[in-house]
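Thanks for coming. I will take a few minutes to walk through one structure, starting with its rings and ending with its backbone.

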Amino acid sequence: MKRIVPLLAMAGGLLTAALYAIPCAQAATTTYHATLSGPAENPPNASPGTGLAVIIIDDVANTLNLNIPFTDLLGTTTASHIHCCTTTPLAGSAGVATQVPVFMDFPLGVTAGTYSHVFDLNDAASYNPAFITANGGTVGGALSAFLTGVGANEAYLNIHTTLYPAGEIRGFLVAAPVPEPAAWALLAAGLCGIGAWRRRRA
């Protein structure tokens, strides 16, 4: 039963992500998914932690919409960022591109949770100052580099913890279509059903 609670929380986060995506469907948006895990870190680790991030970028409004459910971390959360840009797509490491020291209002001191926030990519506060400096010293330069890196699969999101200060779980951002809302609802219903079945067996 203890594992069902974070799974239901994750389903809730995914449902939130789907709802966020619906009104954006007519805008110039691209949705990226990132499956977060310990083996995907650099260097890899054996954490059982997982996460499934849904990230929506609107390149007209220049907004970054983050929806990140995560669970089963070994350490407690200390930070989360998007790093960009690696020299090789889907591999390697890069500096922090987004807000430091941590995403605004990201849940800290926990091993499971969800996070949803919309950042204004025209706002310098949405970036690591070092990323702005490295890309011409302007927000426009940082925005261009960030969008290019994300689109080229050279950006990843990770979650740092007390046990893994350099990052416990991470995943590269990959463009993917958003599943239909009915699919998210089916996932939530299935998880609820598993919880009910386990309660009857307990």
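What follows covers aromatic contacts, then some backbone details. Please keep in mind that this is a predicted model.

Let me begin with the rings. The count of aromatic pairs comes to seven. One of them is F70 with F106, a stacked pair with 5.6 Å centre to centre and 15° between the planes. F70 sits in strand β3, whereas F106 belongs to the loop between β4 and β5, so the pair links distant parts of the chain, 36 residues apart. Both F70 and F106 are buried.

Next come F103 and F119, a tilted pair with 5.6 Å centre to centre and 40° between the planes. Here F103 is in the loop between β4 and β5, F119 is in strand β5, and 16 residues separate them. F103 and F119 are buried.

Now the backbone. Most peptide bonds are trans. A cis bond, however, joins N42 and P43, with omega about 5°. P43 is in the loop between β1 and β2. Another cis bond joins V100 and P101, again with omega about 5°, and P101 is in the loop between β4 and β5.

L90 lies in the loop between β4 and β5 and is partly exposed, at 49%.

Definitions and conventions
Residues are numbered from 1 along each chain as its sequence is written. This is a predicted model: local features need pLDDT of at least 70, side-chain atom pairs count only at pLDDT 80 or more; totals for chains, interfaces and linings use all residues. Side-chain values use heavy atoms; hydrogens and water are left out. Rings of Phe, Tyr and Trp (its six-membered ring) pair if their centres lie within 6.5 Å; planes under 30 degrees apart count as stacked, over 60 as edge-to-face and the rest as tilted. Helices (H or I, at least four residues) and strands (E, at least two) are DSSP runs, numbered from the N terminus. Buried means under 20% relative accessible area, exposed over 50%, partly exposed in between (1.4 Å probe, protein chains only).
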